Amino acid sequence: MPVLLNADGSFSSRQELLDLQDCPFNGGPSLDTPSPVDSQTGSPVGSGPRSPGGPGPDGLNGALIFTRASMLPGQLYGEGNQPDTEVPLELTPKSSNSDQLCGWGALKPKVIQVFNTPRWVLFFLCVASFLQGMIVNGFINTVVTSIERRFDLPSYQAGLIASSYDIAACICLAFVSYFGGTGHKPRWLGWGVFIMALGSVVFALPHFTAPPYLVSLQEQIGMCSANSTSLCQNKEGGGLSSYRFVFMLGQFLHGIGATPLYTLGVTYLDENVSSNYGPIYIGIFYTAAVVGPAAGYLLGGYFLNIYTETHLTTEMTPEHPHWVGAWWIGFLAGGAAALLVAFPILGYPQKLPGSQEHVPRRVSEAHQLKDGSHTTASDPQFGKSVKDMPRSVLLLLKNPTFLFLCLAGATEATLIAGMSTFGPKFLESQFSLSASEAATMFGMSQNKAYRHEL
């Protein structure tokens, strides 16, 4: 607030201030510094004679007024041409606001800020989890028999291909969740979805690099003649078994890409919503994850009705024992969709606007250990070094709730993993069904089971 002074310490009337604001600046005294007489008296305003050319005692009623208000653009009383450092706080830009904007690097347009909310984060994460379940737990299990027939793979190699996903997840899970928990979670999530999309493309690559799938009349009979067995021993598909390494690489990339999704994705949702809405957001996220495999079975069964060489015509039907459907279409479509979803996830900030309000509540809800070791984990510097990983594991092992939840999840996965991988193959072989019919029926049963579970 401006400080107004005159000779006797107060204004006689408000008109004096109005007269001073209308006072011309040319030819008048410099208001930046007091006159010599004023300096001698030690008072900011003197009653002695003024400098030549200045107004007399009657000009300004014997008073000079010093204020902090700006009389000219860029000038202040007592400051000369120096800018005023006392800028209101609301006018200074806050760096935290720019850090919480949605965008990619320096590109943060205002149009996309409408998506910078927890609900839109939940939407994109649900789409990513749906695609992960559809590709890994749906398409993979549907096309097991097709790729076995197409590339001459035994069942144990097909099982190894399916297990490559879990092997990659076990290797990367600890490091991704540990370092990603203290890093930029949306970037970890976005790059994970991108790697998962790359894995789908790699998994479909053998269809385009292998020779066309052509079945001769003798192979259509399903048996070899007694006089000529060389054709059956030297089948063209016998040299294609090395493509199993390409399938394993694709599944390995699937496992790496999906690792941040169910660890950092749940954490990111929980950090940016209140404790009342956190279970709802996480429940919706997992619902999309369990519906994905059912959709993968249904879509995979539909694609298997199409001949694998779409540019060729054949007299075989899907019921023929040597029929191979278009198993690769689902992976290309799912990979393209995952690539599109990865782009907006990469644009989200490390913390959404308003997330600071939920931090104190999270601290009060943390698991308190009797030995007080949880206080070490609350240190902001804890967890940023590899040396802290053993202590972090020890803290988790001391949490009984966490341990029992892990055991429950492991038990469920043990029961479901084998059935979901070889269930369609069992139906196909035991009930003389086509690959499409077996996948569709198994997908419908899976969908009903998930709906009953929810």
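This is a predicted model: local features need pLDDT of at least 70, side-chain atom pairs count only at pLDDT 80 or more; totals for chains, interfaces and linings use all residues.
Of the 454 residues in this chain, 36% count as buried. The chain has 18 helices and 0 strands. As for contacts between residues at least 6 apart in sequence, 76% of them join residues at least 24 apart.

Next, the nonpolar core. The largest one holds 62 residues. Which of them touch the most other members? They are Leu125, Phe151, Phe247, Trp327, Phe331 and Ile345. Helix 4 gives the largest share, 12 residues.

Helix 7 covers residues 185-209 and helix 13 covers residues 329-346. How do the two pack against each other, at what angle and how far apart are their axes? The angle is about 165°, and the axes lie 8 Å apart. Angles over 145 degrees count as roughly antiparallel, so helix 7 is roughly antiparallel to helix 13. The crossing of these two helices is left-handed. Sorted by class, the contact of helix 7 with helix 13 has 17 nonpolar residues, 3 polar and 1 charged.

To recap: a chain of 18 helices and 0 strands, a largest nonpolar core of 62 residues, and a left-handed crossing between helix 7 and helix 13.

Key
Residues are numbered from 1 along each chain as its sequence is written. Side-chain values use heavy atoms; hydrogens and water are left out. Axes are lines fitted to C-alpha atoms, for helices over the stretch in contact, and angles run from 0 to 180 degrees between N-to-C directions. Helices (H or I, at least four residues) and strands (E, at least two) are DSSP runs, numbered from the N terminus. Angles under 35 degrees count as roughly parallel, over 145 as roughly antiparallel, 65 to 115 as roughly perpendicular and the rest as oblique. A crossing is left-handed if the near helix is turned anticlockwise from the far one by less than a right angle, and right-handed if clockwise. Ala, Val, Leu, Ile, Met, Phe, Trp, Tyr, Cys and Pro count as nonpolar, Asp, Glu, Lys and Arg as charged, and the others, Gly among them, as polar. A nonpolar core is a set of buried Ala, Val, Leu, Ile, Met, Phe, Trp, Tyr and Cys residues joined through side-chain atoms within 4.5 Å. Buried means under 20% relative accessible area, exposed over 50%, partly exposed in between (1.4 Å probe, protein chains only). Contact means heavy atoms within 4.5 Å.
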